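The sequence and model are shown below.

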Amino acid sequence: MRSVPRRRLVAGLLLAPLLSGCFASSGGETSSSASADGARLRVALAFPPAENFSPHGADATILSRLGVTEGLTALDANGTAIPALAESWTRENDRSWLFTLREATFQDGTDVTPSAVAAALTHAAEAKVVPAALTGVELTAKAAADDRIRVTTADPDPVLPLRLAGPGLAVLSTKAYGKQGAVSPVGTATGPFELTATTGTTTATLDRFDDYWGGRAQASGIDAKFVADGTARTNALRTGEVDLAEAIPVSQAASLDQGIARETATTRTTSLYLNAKSGPFQDARVRAAARAVVDTSVLADGVYEGHADPGAGVFGPAVTWAEGKRVAPADRAKAADPDGASVTLATYDNRPELPEVAQVLKQQLEKAGFKVKLEVREYARLESDVLAGKFDAFVSARNTMLDTGDPVSILASDYTCDGGYNLARLCDKQVDKAVGLAASASDTEKRQDAAMAAEAEILATDAVVPLVHQRVITGVAPSVRGVLLDPYERRLVGTGTRA
């Protein structure tokens, strides 16, 4: 490990509370020196790894929530880019940014150098499935002098620091990258906790990384279980088997003692995605018929028992600026008689409300004249089939600010012809044009306005029907302090989290 100058070390220690405490926390944060060899945390997560813990796909959020991985930047509670592995940055011109790295060490003992960071970003940009944060972005990264790295984009990208905060752009050591695109975060990341062992898709073991640039974590490690069943997660918390449980079902929240169920408003929207490329919903008029019969208030008040708001758009109330800028969709297709069209509606049970939402939607669609087959699986066994268009409709909960914190990025990823996570398989020239205009806006206000105009174009296609905007419930044992209740759902455990 490089010797760390005292100025840098002090700066790192001062910044650690900012990075770990920039979201609401359970019980607050205290200095990590207060608990030199703290207890291990036992955590129940809802989603098992689907891609062998690769940071370039859906598993990226698992790694960031457990404090394993970091990027050059992070997001604060206001969605502003703040320092992480980069301690500062400047924009050189429309397409080029210069990031100055802090003194840090990878968990395999090698230094975080400009060449290592450049290699990590290059691997992400060239991944078989490009991270959602890079949808539509051509990025190159090269080492520069004086612990700096230059990141250049083919087109102007005014939100690059936000983009680099995405969990999918985590920086790993050279050792992490194998042949044929294989990536292993085991012992190769930079966060306060090191992934040391996994048991398939059921458990993961993490140990404290004592050389973390932000100071030693208070917990000595984490024992994570992946428990898809929400009732089982709640029971594990209730019986003391785990200290933390994410995504507590709303039906179970009232059964927990006061103060254990912590509700957080999030930027997550549950939506009905209609396959616009094949099957009955390829016809915009049939999509309009489905959208017209959906009653979102029944879902918010009934299924979610008031722990959610009726769907208003792609962006919900937690995106505080969106409501005042919302544009009504125009020129929607007129609804056609479904005439008994047979459709397959799919969802997953990792979030226990979703099968119930799908059941209610099934009844509503059948009343309108559709014949509906319902299919429910774990998310890991479902995603590839959804992206391949094997279902006519899909109910999913999507955090609209998860990947970058930039509203335009989620629109590009999820709704454009080249989008990497286009669940509705939508390809519409007007939508692509509107998203492109939003992407070119550098002024924050203008970018937000353009994003809402693009949202209106997307909603006008009826390929997505926003159902509810969620408030997530995290189960926290009474002894636990310092849990990160993150509206972006990127963080859960930080340096100050302890049992």
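Contact means heavy atoms within 4.5 Å. Helices (H or I, at least four residues) and strands (E, at least two) are DSSP runs, numbered from the N terminus.

## Basis of the model

The model is predicted: local features need pLDDT of at least 70, side-chain atom pairs count only at pLDDT 80 or more, and totals for chains, interfaces and linings use all residues. Residues are numbered from 1 along each chain as its sequence is written, and side-chain values use heavy atoms, with hydrogens and water left out.

## Helices α11 and α12

Val408, Leu411, Ala412 and Tyr415 of α11 are in contact with Val431, Asp432, Val435, Ala438 and Ala439 of α12. By class, this contact has eight nonpolar residues, no polar and one charged (Ala, Val, Leu, Ile, Met, Phe, Trp, Tyr, Cys and Pro count as nonpolar, Asp, Glu, Lys and Arg as charged, and the others, Gly among them, as polar).

The axes of α11 (residues 407–415) and α12 (residues 429–440) come within 9 Å and cross at roughly 155°; axes are lines fitted to C-alpha atoms, for helices over the stretch in contact, and angles run from 0 to 180 degrees between N-to-C directions.

## Helices α8 and α9

Helix α8 (residues 296–303) packs against α9 (residues 353–367) at an angle of about 145°, and their axes are 11 Å apart. The α8 residues Val298, Leu299 and Val303 meet Glu353, Glu356, Val357, Val360, Leu361 and Gln364 of α9. This contact comprises six nonpolar, one polar and two charged residues.

## The site of Thr188

Thr188 lies in the loop between α4 (160–163) and β9 (193–199). Not counting residues up to four places away in sequence, Thr188 touches Phe106, Gln107, Leu172, Ser173, Lys175 and Ala176.
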